[in-house]
Structure formats: structure tokens, C-alpha cells
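I opened this entry to keep track of what I looked up. The structure comes first, my notes after it.

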Amino acid sequence: MCADTPEYKDTLNLPETDFPMRAGLPKREPEWLARWERIGVYDKLREKEGRVPFVLHDGPPYANGHLHIGHALNKVLKDFIVRSQQMLGKDARYIPGWDCHGLPIEWKIEEQYRKKGKNKDDVPVIDFRQECRKFAEGWVDIQRDEFKRLGVTGNWADPYLTMAYHAEAVIADEFMKFLMNGTLYQGSKPVMWSPVEKTALAEAEIEYHDHKSHTIWVPFRVVSGAEGDLAGARVVIWTTTPWTIPSNKAVAYNPKIAYGLYRVEATEEESWTNAGDLYVFADALAEDALGKSRVTEFARLRDVTGDELGALTLSHPFAGIEGADGFWDYEVPMIDGDHVTDDAGTGFVHTAPSHGVDDYECFVKRNWLTRMTHNVGEESEFLPHVPFFAGLQVFDRKGKEGKANNAVIAKLVEAGGIIARGRVTHSYPHSWRSKAPVIFRNTPQWFAAIDAKLDDGMGDLGDTIRGRALRSIDELVEWHPKTGRNRLYSMIEARPDWVLSRQRAWGVPLTCFTKKDTLPTDADFLLRNAEVNARITAAFEEHGADVWYTDGFKAQVLDGIANPDDYDQVFDVLDVWFDSGSTHAFVLRDRADGAPDGIADVYLEGTDQHRGWFHSSLLQACGTKGRAPYRNVVTHGFTLDEKGMKMSKSLGNTIVPEQIVKQYGADIARLWVAQADYSADQRIGPEILKGVADSYRRLRNSMRFILGNLAGFDDSARVEPADMPELERWVLHRLAQLDHKMRTGYDAFDFQGVFQALFNFCTVDLSSFYFDVRKDVLYCDGDDSLERRSAQTVLDILFHRLTTWLAPILVFTMEEIWLERFPGDDSSVHLVDIPATPADWLDEPLAAKWAVVRHSRRAVTAALEVQRTEKVIGASLEAAPVVHVRDAEVLDILKSVAFEDVCITSALTLTGDPSPNEAFRLPEVDGIGVVFEKAEGEKCQRCWKIQPDVGTHAHPDTCARCNDALG
RNA sequence: GAACCUGUAACUCAGUGGUUAGAGUGCGCGUCUGAUAAGCGCGAAGCCGAUAGUUCGAAUCUAUCCAGGUUCACCA
């Protein structure tokens, strides 16, 4: 190299771009968001004509609190679907929604009241509801901003809210369809009840404290179904709630437990048992129970099997008792129940279906709901019809023990219905608010009968809600992943009737009236009148559901139709799942941008929604539309920390979207979603995010290379594929393959597959092969070189494919890249479609040929690596290897391509001569040997290839190609 | 407790009865210095959660166990 060698660098076509290597996403993303808002990208897409609508119906998040990672995952997945379907040619609409009613918000407002020393019960219900509404509104605004920041597109200006007046009107209207079609009925069900506040409580309102309870062992006499010695025996139960004994309706056992028949042989002086008494216990607990009963000696006579127990009928301990007027003279069946254990008690569970959840479930399963008792009132007092105990309370108005328990125990003693008693301190539910203990108490509730025959003209799939739901699952819906089908199917198959009512304030009321002095079983119990319903709906449209609570509303809607004094207005509110289950009506059906047939193409939520929104939407729609409101159900798993553990504040392993957006940018959060298998539980944490950011940088640099080498390229330089070198046509072939992969992947919601294919392509095919090989041509060839123009044409094609293929995922970065090439006020990658790929790009024979080329190349690069390690060469251009090829066919292939260019060497000799012993061989590349030679000649100061002719041309220190290029 | 799901390199994932289990990332080493807070090459790294079966043969099928997750609520 001489001092007078010209500086040739300036004569090269080196990459030129302002596109920065480092993204600065957290700072720049908001600018693009503002730009899309200004252009009105979402609305502009709606103006495109002649497109088939595609509707992903948004499952509404609850308007309460900042977004967590699960929200981000969910909305980003939805965004992938909406954007990819749009760019594949559909009109993909997306109306975000929010669930606004419900206990958690009610609770927050109550909490504010408590801080101010106010009491919810002193506030007019409408005022309370207004505060809930304001609270929800506030969070809708916050969450909307947080979702938008993640790059999620949609009709954010006009989302749907379950508390909008129209929504409330439709929810009531949908409810009244159940009223009119006969599936609505009043029943009862045990709930946690606070006698102090006289209200039902949710689990969230319960805290557990130690509580000292009575314990009693109560024998139930066998009256029938027994063989031999069992006939004279008594089955002993144990309970900590003596007050529920008057409401006993069954005794439960578990066939998996070992039971025995025991005879008392001797007792202490003071004992409620006598020698000769026969009792049945679980073997594991017999000794304990007999000891407590002051039995000093006993004998185990024999096993008692589950079958024997199941056949027994018992009598209530108060059966035949004087003064009860036969109140307890009913049969007490033995029932089997999985909830029965032999950890504590006797192995038999006293079952009062009105005062225990397990007990109730057992009765529901057996269809015994008519056997429910109604013995205990709002203040935990026995109702007037209960002999001996009427008026006695379990807990008084301050939450202290009332007289009920002791009265029941005293009566049991009197009736000989107790063999032992004691006290136990155990964890017991208390009201969060009053700290007073609660009871399970059955309360009137409204149900939708899901097995009732419907005569509504929508019987294509069956004439019951359950039947239609089950057939919808199998015949009308695709499940992604498939396991979702089984999950929902078995739930629907087994579920009891839908409890629609909640004794709450913030929700849509059950808009119905009951006739005074009638029973729920009477035909005229419920007022069913279309005109009344229409008035209610109209009033809700105008004023919202609050109007239900205004004075005189009953009189107003019943005016001229029924006498208001004859009817009671129901003030329960609907289960919020009924609200969200009705979104298909007030969104898909009623909105101009809803679905043409009122059925969504996709519902997408977490797997927990099998019991939630998928479930309630299905039941609701089967009752009102006769079928499922969706065609595809996509579910995603939960997001765990890096070790696969649940995120929790106490573990300090939580990651919130805001944090990712601040540190890395929303595109990184989105890329994390794309690279994860969302159908299972995913993990996230610092290391994983760092990995995602690394992948992002790699991809970004590939795009930067494309941009840099397209500088100055214009369409006049474009080359037709037929005229391109094989290497370029091979890239087109790969693009055709990827186009297929990408379209099928997006249609199957397989974003991981799409991203992995594209990312692999960028690193393996482009960065380390095509780009590396073509750098020479791109940098050094003259402007009119066919090879260079071909490469640029391919880069241009790559640009259009990669930006649009990735635009649904990396919404910000692809826009940045797009604008780098196509600046302009209204320009946006999100306004264009994914380009069609000509069928003739696919060229399998060519691909097979180039697979051989690349395979052979590996042997050469590996051979060079040996010399590099030995410090013989640095750059591969210093080499001119001799490649011995055994197979003539392979030799022909390699000879037909510029193999030295492919291997990035200055020269390369191909020969069919046998490989000499010293030749380098790679075990996995059979039949190729490489003999290393250094390239001969001088280094061209322009292209750095070492060629014999360098220095013989007009331009000093150049090779022939460069000399020509310099002109 | 019950039902269901998941478990393959440090990380994200392929691989569903058939040679020594793959890819990308990361890591280590080398190299280039005209993609440069980049690019290229090479390399190390896995008892395929554990155990026991079925089979000529198991990451793959079966059972049990372990770990983690989801669901069983007037919570959304």
C-alpha cells in the first residue's frame, strides 16, 4: 500500500441510512402514537371498501386498578389478531370494552366511606351507584391510556361499557327474555350471611379468626334398610354448629372410609350412653368419640360397608318429640359424599342443605331442592314456625353468642339425642366489616333453569340452554388450543342452574315484579308483560338503570297494566357475568361496527374464562339467540415469573407492563408476547426480557442493513426475477415459503411460529449468508451492474415483506422503518396490506440445488477457520482454497455458481480429483475435502479481494472489476 | 381435597415410537474493522422433572410420584 493510493472508500456504495442502530423506544413510541392518532389510522382503515368484516370481540377487563402483565398479554394478542387479519385483507374491527358493575368497585367506594366514617347503608342507593359509576369511569380512562401505550389499535374513542345506558337497557332486556321464556325462577341457596349487617357476604369480605364453638356428638337412630344387628344401631354425627341440627335433612358418609359397628360395654357413671348401645363410627375416630362419650369399654363387632350405609334410613333426633307437632318426623337418608373425611368427628357429616355449601351441593345433585329448610331468619333467629326455638338467635346483634346453640343442646339432652359435647377453638369466618362471626344461611335467589324446555323458535341446536350450549361447543366453535373444548364442555355438562341474583347495589337490577301473597311455584308469581318490559327498557335507555331505584318507578311502569300495590319490586342486581355475557347483544348486534350476524369471529381470553366469560356468554346467548355468540375461542395461559412461580407482591417477583414500557419500550413487551407459547403458561423476568431485547436488536440491525443498501434505489433499476442471479431467486423462493408460513400462521393465531420463522430467516438466511455474500456486489459493483440491481431489487422486496409481516407485532419499529423509506404526512405501514407473492417465486429444484451449495460451503468456512486459528489468515478474502468434490453431480452444481463469492474468498478452485490426505474434511459434509491455499496477487484497495491482476489497470491498486466500476 | 394443564441446553422454543436429541439467543474463543455499542466463523453446554412398566427400540406410550400453574366463591 503506497502513500499515493487514492482513497477508494468514497467510490463504494456503502450503506447509508439515518435509521439508528439503537431504538430509544421508550422515548420515541409516544411520538408515533400521536402521529397515528393525528392521521386517524383506525378510522382510515374502516374506509377501505369491499372487505370482508372480521370481528374480534373484546372480553371486557374490570375497570379497577392499573394494568398487570396479564392484561398486556391479552390485549397484545388481540392486537396481533386484529392487525394481521386487517393486513391480510379483511376489515378487522375492534371495539374495546370494560366491565363496570360489581362488588370490587362497590367495595372500594365502601372503603372510602369507612375512612370518612360514613356508613353505606345511610347513603341513598342512587348516590352510592353514582359514586361507583364515577370510580369506574376514572379507571376506564386510565386503563385506556395504558392499553394505547402498548400500541393496541381499536375504536378507543368509542369503546363499550357495561354501565352505558344502552348497555344497561339491553342487559335488562336480555334478562327479561329469561323472564318471558319461563327459565327464570326463584329458589334458594346457602350463602355467607352476616347476622350483624343483615347481608350476604362475598369471600373477599370474609376474614378468618379463631372462634370457640360447641361440639356435639349426635346419634341418629336407624329406622329402616338395615340387616340384623345394624337395625338397632345409631349412626353418630359430629358438628360444631348445634343450631343447624333442627335443619338436618340427611347424614353423609364416604364409601372410601372404613366404618365399624361398635357396642358399648361399660361407661363412667355420668354418661349419656349405656352398656349395650350400638353405634356406627369411622374406625379411625371411634375410640376418640367413645372416649368423649365417657365409654370405658367397648367392642368392635364388625365392618359396616358403604353399601350397607347407603341403604339406611335414619330418623331425626327430635322425631316424635312431644310439643313439636311432628315437625321433625321425616326420614333422614344416608347419602354418600366425597367431602366427608375421617380427620375429625365421626366419619359422618350432619347435612343441613340450607346451611352448608357441600350440603347444598349434595342436594342439588340429587334434585332434592324441595327439601331445603327455611328455619333461620336475617338476624340468625329461628323463624316462628320452628318449634321450641322460634326467636332464638345464633348470634345477637353485636355478634355475641345467642341462645340458639344452648337451647338446641338442651333439647337434645332431653330427647336423648346426644352422647357427648365439648368446646373447640377453630378458624371461623368473620365479617371483614363488623368482625362478627357469620353463618351459612339459605336465602331466596333467582335462577335461570338451564334444563327447562324452551319454545322460542330457536331450537335448531336443542330446546334447552344446556343442550344448545353443548351442541354449540361441538358443532359451531373452533377451540384454540383444542383442550379448551373439553374444559368448557365438562363444565357446562355438570353445572347447576345459573344463580342470576346478587344482594348488591352496583349492577343492573333484576327487572321483575312478584305478586304479593303468592308462592314462587304459583303460575302468577312473576309478572310477565311485554308492555311493562318495554317501558322498563325505554326508561333505562334514557336514564340508566338508576331509574329502577327512583320513587314511584314501580307505579309508573305498571300504570294501567297492574295494580302496583299487588306487586313487589325485586331489588337484587344481576350477576355481573350476566352483564358481560350480554355484550354480544349490545355490541355485536347493536353497533354499526359490530358483527353483521351478531356473532364474533373470535373471543380471546385467559384459560380462567372457561368458567367466566366464555361460559356466561355461551349460556346467555343460548337462552336468547339459541347458539354460541362466537366461532373461535382462543385461550392463553397465565404469566409467571422467571422460575415459573406465580407473581405476587410479597415475593417481589412482579413485572408490570408500565415497567417494561419504561425500560425497554412497548415493542419489546409485544415481542415477548410473540416469542412465547401463549397457549400454556408463560414466564417473564429480567433475564427473559433481556433476551427479547437482544433478539430485537438483531432484527433491527438486519432491517438497518436493508435500509442502508436501498439508499438511492429507484424502480427504474428494478430487475425481473427471471433475469436475476440464482442466489437472488433463491431468496425469492424462501420468501414464497415464508409468505405461506406467515399467512397460515396468522390465520391459526400462531404468532410464535410466525415470529420464529421470520427471525430465523433474518439471522440464518439473510444476515449470515445472503447479506454476507452480497456485500461485495452491493458495495463494490458499478451502479448499472445487473447483479447489484438484482440484489437491490431483492432488498426492496424484502423490505416490503418484512415490514408488513412484522407490522402486527412490532407496530412501532416497523412504522419507523417504513417512514425511513416512505416519509410523508399520511404515510404508515399500518395502512397497507401484506403484498401478494407471485406463485412462480417458488422454485423447489433451485432450493434443492442451493441446499447443496450451502452445505458444501460449511466445509470451506470450517477449513478457513482452522487457518484463522493458526493465524495464517484473518479475513476469508486472503484465501483461495482448492475444493475436492467426490460426486460429479455436486461438482457440477458448485461449478455452476460463483462458489468463491458464496464462500467469500478471493479465488477458489473446484476439482474432481480425490482429496489428498492433508485436506480438511468436515464429518457432516461427506465427499468434500478442502486444501488451503493463500490467494495470489495483491489486495485490491477498493474491494479488498486479492487478485493477480491488481496493479495492472488504469486506476492504481485495483482489480479489473473495480477499475471498470471507477470508469 | 378434586378436576384439568405444564415440565427438552442458562433463556425462548422445535422434535410424538427408530442412527450419536435440534434451532435461535446468550456464553466462551477467534476474526474483521466498509452493518462497528454492529458483522462473520468455530466451540462448550441436555440422566428430554423422577421412578417403574410396555416395546427389539421411549423425550415420544402407560402408571405412580415430584415441582409449578389454573379452576372449583355474591371476585372479575
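**Notes on Tyr770 and the cores**

I began with Tyr770. Leaving out residues up to four places away in sequence, I found that Tyr770 touches Leu727, Glu728, Val731, Asp765, Ala791, Val794 and Leu795; contact means heavy atoms within 4.5 Å.

I noted the ground rules next. This is a predicted model, in which local features need pLDDT of at least 70 and side-chain atom pairs count only at pLDDT 80 or more, while totals for chains, interfaces and linings use all residues. Residues are numbered from 1 along each chain as its sequence is written, chains are lettered from A and ligands numbered from 1 in the order in which they are written, and side-chain values use heavy atoms, with hydrogens and water left out.

Then I looked up the nonpolar cores (sets of buried Ala, Val, Leu, Ile, Met, Phe, Trp, Tyr and Cys residues joined through side-chain atoms within 4.5 Å). Buried means under 20% relative accessible area, exposed over 50%, and partly exposed in between, with a 1.4 Å probe and protein chains only. The largest core has 155 residues, and Tyr770 is among the members that touch the most others, with Ile706, Leu735, Leu798, Leu802, Trp850 and Phe899. Helix α22 (residues 751-780) gives the largest share of this core, 16 residues. Helices (H or I, at least four residues) and strands (E, at least two) are DSSP runs, numbered from the N terminus. I also listed a second, separate core of 67 residues, which includes Trp446, Trp498, Leu510 and Val570.

**Notes on domains**

I read chain A as domain 1 (8-39 + 643-673 + 689-842), domain 2 (214-432) and domain 3 (846-936); the bounds come from an automatic or database domain assignment. The C-alpha centres of domains 1 and 3 lie 32 Å apart. I found eleven residues of domain 1 in contact with ten of domain 3.

**Notes on Met647**

Where is Met647? I placed Met647 in the loop between β26 (639-640) and α18 (657-663). Met647 counts as buried because its relative accessibility is 16%. Apart from residues up to four places away in sequence, Met647 touches Ile69, Thr639, Leu640, Asp641, Asn653, Thr654, Ile655 and Ile684. I also checked Met647 against Ala523: the two are 124 residues apart in sequence and 52 Å apart in space, C-alpha to C-alpha.
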